[in-house]
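Visitor: I would like to learn how to read a protein model. Please show me one feature at a time.

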Amino acid sequence: FARTSGPNLFSRCLKDENLTGEIRRMLIAGLVPIPGEEADAVLAEGLLAKEPRIVQECLVHLGTRGATVHRKAVERLVRHKNDLIRREALVARARLYLILGPQEIPDLLDDLLIQARSRGLVERNAAAISLGELRSPEAIEALHSLLGDPEYSVRMESLLSIGSARKAASIPVLIDRLGVTQGAESEMTVEMLQALTGQDFGSTPEFWGAWWADHEADFVMPSAEQVAAVQKKREKGRSKHSTGSDFFGLRVTSERVVFVADLSGSMVRENSQGVQRIAALRDELGKFVRDYPKGGLFNIVTFASQVKSWKPTMVVMNSKNRREALAYVEDLKISGQATAIYDGLEVAFNDPRVDTLLVLSDGIPSGGSINDVNEIIDDVSRWNILRYVVIHSVALGLESKLLRALSQASHGRYACVK
């Protein structure tokens, strides 16, 4: 309809509060592949919407389209009180710089260097993304400095930007970081090194350092295709070079983990091996708890009709807590017919120390505070924008759009287990 009648027919729709957020997101999805200024203009109108998610999506898509029609709106939105909008607007300003050139926005690099030292967490997060977009030597050097930021989310954002910028100068910096990082941050550092080099030396800085000393002089950055070609080999060798625990084949090296597990009625169904799903959960979770490193932080949250937590917050894994956790896992039972996954995720996110979630479910959301899959994805993305909690997930029985989306958005891993 839009292709034959023109995107201008949707003018004012994106800011129309009488339309649901889901309808307006559908309109955005329909407008994005349509080339031309008419579609740009409608997306720019969406920047006047009251719903933050609509504004954020319009900013993102205007940037990927290479549009400039929203330049004035961006200058307004960089002062917005909503963290999500303000961060995306700050990033949009950097993307406009790349399109318009320094003659139009001459002081952006200086502004970003100041922004990277700001007291504001949103500003430093946005600087980490924007510096990765610029990719100049000064920008890369500033990104390297942000790897030492006191906030975990800024460090993670900087790691991702370094990975996308693909500069050889980052390799020795990342190797040095391996000696001081832990948990999900260490795992991400290894992944970025793998992406930049095509090599796999696990999380041991000495192995990486020795390899770099031998290859620095004649190093040639491998292409993304070359790196992808060795990805399967890397996945097979992941457990060889890392310490941690496995859960349904997912290797987890973090030491700040919360399990979020489904105990709804459907978990009594049998898997392809004739074992009840809840029995398989108890078995896999028990193995994980037995292997979990001493001194790591850990908790278990279960959901069905209600949400229950083993402990009020994560506890340090020691001999006593390991015995108690194993007994708790052994006693897990079906606790209702609903699948209130949203509420389980909310409880897990309420612990400020968590950096990794392991989520397991065998059904679609039901009986929770929010059951719409898109709304759950939106809310979790909003919670995670300044947290960078990695979400690994396991779908039992059937593919799960929700779990796959949560893992992809948080740079986690997803598995479907039949």
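Visitor: Which residues does Met 317 touch, not counting residues up to four places away in sequence?

Guide: This is a predicted model. In it, Met 317 touches Val 289, Tyr 292, Pro 293, Lys 294, Gly 295, Gly 296, Phe 298 and Arg 322. Take one of these, Gly 296. Met 317 and Gly 296 are 21 residues apart in sequence, yet 5.4 Å apart in space, C-alpha to C-alpha.

Visitor: Where is Met 317 placed?

Guide: Met 317 is in the loop between strand S6 (315–316) and helix H17 (319–330).

Visitor: Is Met 317 buried or exposed?

Guide: Buried means under 20% relative accessible area. Met 317 has 1%, so it is buried.

Visitor: Let me try another loop. Where is Asp 351 found?

Guide: Asp 351 is in the loop between H18 and S7. Its relative accessibility is 6%, so Asp 351 counts as buried. Leaving out residues up to four places away in sequence, Asp 351 touches Thr 313, Met 314 and Arg 387.

Visitor: And where is the place of Ser 136?

Guide: Ser 136 sits in the loop between helix H8 (121–134) and helix H9 (137–146). Ser 136 is buried, with a relative accessible area of 19%. Recall the cut-off: buried means under 20%. Ser 136 and Leu 109 are 27 residues apart in sequence and 9.3 Å apart in space, C-alpha to C-alpha.

Visitor: Now helices. How do I read the sides of one?

Guide: Start with the general idea. An α-helix has 3.6 residues a turn, so residues three or four places apart point the same way. Now the case here. In helix H20 (residues 401–409), Leu 402, Leu 403, Leu 406 and Ser 407 are buried. They cover an arc of only 125° around the axis, so they lie on the same side of H20.

Visitor: Which exposed residues does the face of H20 turned away from its buried side carry?

Guide: That face carries Lys 401, Gln 408 and Ala 409.

Visitor: What do the buried residues of H20 pack against?

Guide: They pack against helix H18 (341–349), strand S7 (356–361), helix H19 (373–384), strand S8 (390–396) and strand S9 (414–417). Just after H20, look at His 411: this residue takes a positive phi of about 65°.

Visitor: How many of the nine residues of H18 are buried?

Guide: Seven of the nine are, so H18 is largely enclosed by the rest of the structure. The buried residues of H18 are Ile 341, Tyr 342, Asp 343, Gly 344, Leu 345, Ala 348 and Phe 349.

Visitor: How do I describe a pair of helices?

Guide: Two packed helices are described by the angle between their axes and the distance between the axes.

Visitor: At what angle do the axes of helix H11 and helix H12 cross?

Guide: The axes of H11 (residues 170–178) and H12 (residues 183–197) cross at roughly 155° and come within 10 Å. H11 and H12 are therefore roughly antiparallel to each other. The crossing of H11 past H12 is left-handed.

Visitor: Which residues in H11 meet H12?

Guide: They are Ser 170, Ile 171, Leu 174, Ile 175, Arg 177 and Leu 178. Among their partners in H12 are Val 190, Leu 193 and Thr 197. The contact of H11 with H12 has eight nonpolar, four polar and two charged residues.

Note on methods:
Residues are numbered from 1 along each chain as its sequence is written. This is a predicted model: local features need pLDDT of at least 70, side-chain atom pairs count only at pLDDT 80 or more; totals for chains, interfaces and linings use all residues. Side-chain values use heavy atoms; hydrogens and water are left out. Axes are lines fitted to C-alpha atoms, for helices over the stretch in contact, and angles run from 0 to 180 degrees between N-to-C directions. Helices (H or I, at least four residues) and strands (E, at least two) are DSSP runs, numbered from the N terminus. Angles under 35 degrees count as roughly parallel, over 145 as roughly antiparallel, 65 to 115 as roughly perpendicular and the rest as oblique. A crossing is left-handed if the near helix is turned anticlockwise from the far one by less than a right angle, and right-handed if clockwise. Contact means heavy atoms within 4.5 Å. Ala, Val, Leu, Ile, Met, Phe, Trp, Tyr, Cys and Pro count as nonpolar, Asp, Glu, Lys and Arg as charged, and the others, Gly among them, as polar. Buried means under 20% relative accessible area, exposed over 50%, partly exposed in between (1.4 Å probe, protein chains only). The arc is that of the directions from the helix axis to the C-beta atoms.
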